[in-house]
Amino acid sequence: MPLNRRKFLKKSAVTGAGVAIAGAAVAPSAQAAEVRKPVGKPVKQPKRYALTVLGTTDLHGHVFNWDYFKDAEYKDAAGNAQGLARISTLVNQIREEKGRENTLLLDAGDTIQGTPLTYYYAKVDPITAKGGPVHPMAQAMNAIGYDAAALGNHEFNYGIETLRKFESQLRFPLLGANAVDAKTLKPAFQPYVMKTFCVKGAPPVKVAVLGLTNPGIAIWDKAYVQGKLAFPGLEEQAAKWVPKLKSLGADVVIVSAHSGSSGTSSYGDQLPYVENSAALVAQQVPDIDAILVGHAHVEIPELKVTNAKTGRTVVLSEPLAYAERLSVFDVELVFEKGRWVVESVSSKVLNSNSVADDPKITKLLGDEHAKVVKYVNQVVGTATETLTTVEARYKDAAIIDLITRVQEDVVRAALAGTSYASLPVIAQASPFSRTSEIPAGKVTIRDLSSLYVYDNTLVAKLLTGAQLRAYLEFSAQYFVQTAADAVVDTEKLTNAGNRPDYNYDYVSGLAYEIDIAQAAGSRIKNVTYNGVALDDAQQFVFAVNNYRANGGGAFPHVAAAQELWAESTEIRTRIAEWVTAKGVLEPKEFASVDWKLTRNGTPVF
């Protein structure tokens with residue numbers, strides 16, 4: 001059942017109010033007792049300890065406040081800053097204030113994918129090569145002094161060999177209690193780490209950090225993990241490991257979870273495990289004190305969840321991705337009846353735009369940064385006109401047609417000489433970015449990379465006309481239903497049901513209309529192939545990215561369809577190769593208006 005965050009918040013708020021009222025009620029009697037107390041030795045105060053837990057998540061290769069796609073300092077309308085160099089400054093400040101010996105620094109995953117910097121050291125100058133470099137993210141995180149990190153799903157994007165090499169370069173553990181060997185079901189990564197904090201005049205405080213990753217890895221990186229690794233649900237694995245950690249003497253249990261808090265899954269019912277289950281873990285598993293949340297790319301300064309079995313409050317926090325925020329948990333403990341007890345937990349987030357880069361980090365990785373800047377600015381061709389994604393969400397844009405054309409050509413070449421060579425090849429692509437532009441004139445790797453920001457690879461699947469029609473209908477849910485006589489506001493036309501842009505697909509090779517005046521499920525009209533009404537029985541080769549092919553976005557039919565071919569070269573690289581081979585990027589060679597939005601048959605634009 002999807003988690004109702006509002007109920008959690010409401011319940012926690014009510015619980016908190018009850019505590020406050022109870023405290024007010026006992027205060028007078030406590031005061032009276034104090035007055036009657038005979039004069040004598042002062043009452044010995046119990047020992048207390050304050051622990052500060054710091055957390056980042058979804059760093060996605062951001063070391064510097066730099067936009068490699070724009071070849072400029074990163075900036076956005078909200079004034080955010082990015083990069084571990086900024087986070088390092090914040091961490092140094094807090095360690096100075098609290099004492100480094102009283103702080104813990106964690107990450108919740110998605111570290112080694114996301115920028116040209118991480119791509120370069122996975123593919124161009126790979127860390128897996130003999131005598132290869134140390135990954136920039138390993139260098140930065142080691143220098144900052146992380147204590148542990150959870151595995152993210154994007155850690156698997158470059159294969160297990162790259163991940164294991166990255167893991168070996170870290171001076172802290174990479175945790176994943178629910179990343180298990182597919183055959184033995186034993187942990188394939190370190191499940192937890194136990195840290196000891198000394199307290200003068202009292203026993204040490206033992207803090208356990210449990211790492212949990214995302215079950216969706218089984219779908220999203222199926223090509224790398226199938227038959228090798230399995231990813232059971234976070235709730236069941238936390239229920240298994242937390243009692244063990246308590247039995248080992250843990251006074252505090254922190255979970256670093258690469259899983260959002262919404263209780264929803266983008267992959268529908270393809271897996272029996274919830275994608276965004278961090279709050280469910282807090283609700284269902286006793287003895288957890290705090291959870292560092294990741295994966296969802298949302299900012300949650302503090303979310304209080306009541307554990308259903310104990311009634312205790314569990315505090316969750318998710319810092320914004322790309323090192324834009326740092327979560328700070330303040331954990332207060334008191335020593336009573338011979339053991340440490342967590343008295344309270346609170347959390348907040350700090351904005352990395354409030355500080356400057358740590359010069360130690362910028363100096364450490366200046367050379368790597370310069371290499372990548374040089375790489376992405378290589379000229380690979382010339383464009384005869386400017387192409388942009390500005391209107392690509394709601395109009396058939398030539399720049400997206402470039403992606404589908406490249407995918408069609410690659411798949412046709414791969415299937416040449418096979419029994420499938422005679423079948424028509426069509427392709428899907430999504431408008432990943434709203435700001436990508438290939439300028440008229442010189443075209444660089446940077447320009448093309450900004451068009452395809454993910455490290456997806458290409459797969460060929462076998463689909464029928466009927467299945468493609470259902471696929472298009474599912475994709476068309478992206479649009480907000482708009483009456484024929486209503487004013488069209490393009491800012492409010494898309495992302496119905498909070499569906500992200502990357503889960504809206506163009507399909508090349510077919511001509512069709514999307515009637516947004518109709519209810520979702522009845523929008524696809526006048527589908528043709530080569531000018532003839534689509535034959536539901538006709539077979540097509542569907543060139544699709546691996547995320548979609550493995551079920552990402554829960555589009556119908558594609559995950560279960562027969563796979564004809566797949567490769568490990570990124571689509572982004574294939575686009576660069578195609579443009580390099582052509583030399584000149586001429587839209588009339590690849591662009592066509594295949595689809596349009598209508599209302600009751602009348603075009604919207």
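Tutor: Welcome! Before we talk about charge, note that Lys and Arg count as positive and Asp and Glu as negative, with His and the chain ends left out. The model we are looking at is predicted.

Student: How far apart do the centres of the positive and negative side chains lie?

Tutor: The chain carries 63 positive side chains and 63 negative ones.

Student: Which radius of gyration does the chain have, and why does it agree with a compact globule?

Tutor: The C-alpha trace spans about 100 × 55 × 50 Å along its principal axes. For 605 residues, a compact globule would have a radius of gyration near 25 Å. The chain agrees with that because its own value is 27 Å.

Student: What share of the residues counts as buried?

Tutor: Buried here means under 20% relative accessible area. Among the 605 residues of the chain, the share that counts as buried is 54%.

Student: Which strands stand at the edges of the open five-stranded sheet?

Tutor: The chain has 16 helices and 31 strands. Five of the strands form this open, mixed sheet, in the order β23-β19-β27-β22-β28. An edge strand has a single partner, so one of its sides is left without a neighbour in the sheet; that is the case for β23 (506–507) and β28 (562–570).

Key:
Residues numbered from 1 in each chain as written. Predicted model: local features only at pLDDT ≥ 70, side-chain atom pairs only at ≥ 80, totals over all residues. Heavy atoms only, no water. Helix = DSSP H or I, 4+ residues; strand = E, 2+ residues; numbered from the N terminus. Rg over C-alpha atoms; globule rule 2.2 N^0.38 Å. Buried < 20%, exposed > 50% of the residue type's maximum accessible area, 1.4 Å probe, protein only. Charge placed at Lys NZ, Arg CZ, Asp CG, Glu CD. Pairing = 2+ DSSP bridges.
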